[in-house]
Amino acid sequence: MTRRVTNQLPALVVFALGLVAWEWVFSPLAGKFLLPKPSAIATAFWHNRQLLSDAGWFTFKEALGGFVFGSAGGIVVAIVLARWRKVGEAVMPYAIAVNAIPIIAFAPITNAWFGPLNPHSKWAIAGILCFFPVLVNTLRGLTSVRPESIELMSSYAASQFEVFRRVRIPSALPFIFTGLKVGTVLAMIGAIVGDYFGGSTRALGVQIENSISLFDFPFGWAAIVVASAFGIVFYLAVGAAERLSVRGVPSTGD
Amino acid sequence: MSVVELKNVTKTFARGNTIALQGIDLAIEAGEFVSLIGPSGCGKSTLLRTIGDLIQPTSGTIVVNGKPAQQARRDRDYGIVFQDPVLYDWRTVAKNIALPLEMLGWDRTRRAKRVQEMTELVELTGFEGHHPYQLSGGMQQRVSIARALSFSPALLLMDEPFGALDEMTRERLNTELLQIWQETGSTIVFVTHSIAEAVFLSTRVVVMSARPGRIAELIEVDLKQPRTQETREDPRYFELVTAVREALARGGADKITEEALVAGDET
């Protein structure tokens, strides 16, 4: 424990120095509107802690809904494409091409489809954002199994189902989690940007948008900090799930 | 009865129009330890895989345990060991060894008992709960051998199992493998590119030549059993090593042409 603290000491020092420089150097230079002091942001958070954490939770649920459906869809489609290679070869170039599109640009469109107040509009954009990295990573995991592993299963006269259950899916797990971790970040981005284009006043993105319009920058920054906190916890939770389910592989750290 | 019987087996790969195997006739009797040796590209690994029905021949017949190779594979009549141990990282040593037993539907107690016997056989008692990455290369390959033998197949196919190990580990595992062979009475078909290993282990060495892959010569190894470190100093051992080396030279081991290298190694 002591050693872990010692290991993280340099990072903590940099964090503290960063805050000090922000408070007494950068913020005075930039002006308190453009870059509020950390102390002002902290005060704004404290005065609005209930509102902000409720808003954060609201938007996190939007992100989570999209994450669950988008990731599940990505994994299922990857399994189908890995099982029927010909279909995969036909579809994959498009999946990769779509993955390169800045999908976030569709946020106003999903709002139009489902209505800005309907959480499904945020699920849709967060879900589409998660779908492709999970699909691409899962498919890579499922298909990058060593040929001898498959030959071994053939020597046991294993069915395709058994090959997936015993070899392909377990060996794809680390890849799937890589996709899921990217997905957590993208889902939060999707939900917040979705809020920007219209949503419930209870949503964090809407709170950020409104406070900035009213030049309440400390509140806006505090809301961004809350969004980051939810995003980090989301990421760490998936990381913890990874450590629980991916066993027997030396941990590489993040 | 022959455990393995190949008649006029030919394998051509469409890609590059390569003739990997041509007119292979070979019968392997129960209890034999047969090594396949030859230059890169002679098709020795391909030949092993046709016996295991992992690759189907273009023509010819393969009979394993008195039935077509495909039926033998479906009946799980053989165990196989590759150069790479092919252990599943997410399974412990015990669970890797038990993999074929799970697929055969053995219950938990029966599996545990067999795993214990197998870890004793390959001298890995105490490592049952370890994961593969915690073991040395030699230990990993012992797990792989235990897994292949766990369901007591009559036939063991081995594709350069010790090729990636250092010389000392390889010699120790050679001796262990011979002990296992004598204890289990199984038939072993063993692919290697080491002349010394082939002579030390085998009752018969099949010398192959490349392009197309053919059987050049069969050499009976009449060294006495059981083989020990002293076997490696026996004058007869050196005579046989020389005989295999000369057979390889006659079979065209030195004729590995540029074409062969371009066409790629056997798969």
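**View 1. Ile51(B) is a buried residue of this predicted model.** Around Ile51(B) lie 28 other C-beta atoms within 10 Å. A residue counts as buried at 20 or more, so Ile51(B) qualifies. Ile51(B) sits in helix 1 of chain B, which covers residues 44-51.

**View 2. Ile51(B) has contacts beyond its sequence neighbours.** Neighbours within four places in sequence are left aside here. The partners are then Val4(B), Ile62(B), Val64(B), Ala69(B), Leu157(B) and Val189(B). Where does Ala148(B) lie relative to Ile51(B)? The two are 97 residues apart in sequence. In space, 15 Å separates them, C-alpha to C-alpha.

View 3. Of the 267 residues of chain B, 48% count as buried. Now take the contacts in chain B with a separation of 6 or more. Residues 24 or more positions apart account for 72% of these.

**View 4. Chain A touches chain B.** Chain A brings 16 residues to the contact, and chain B brings 18 residues. On the chain A side, two or more residues each come from helix 7 (147-155) and helix 8 (160-196). Which element of chain A gives the most? Helix 7 does, with six residues. By type, the chain A side divides into seven nonpolar, four polar and five charged residues.

Methods: Residues numbered from 1 in each chain as written. Chains lettered and ligands numbered in written order. Predicted model: local features only at pLDDT ≥ 70, side-chain atom pairs only at ≥ 80, totals over all residues. Contact = placed C-beta atoms within 7 Å. Helix = DSSP H or I, 4+ residues; strand = E, 2+ residues; numbered from the N terminus. Nonpolar A, V, L, I, M, F, W, Y, C, P; charged D, E, K, R; others polar. Buried ≥ 20, exposed ≤ 12 C-beta atoms within 10 Å, placed from the backbone.
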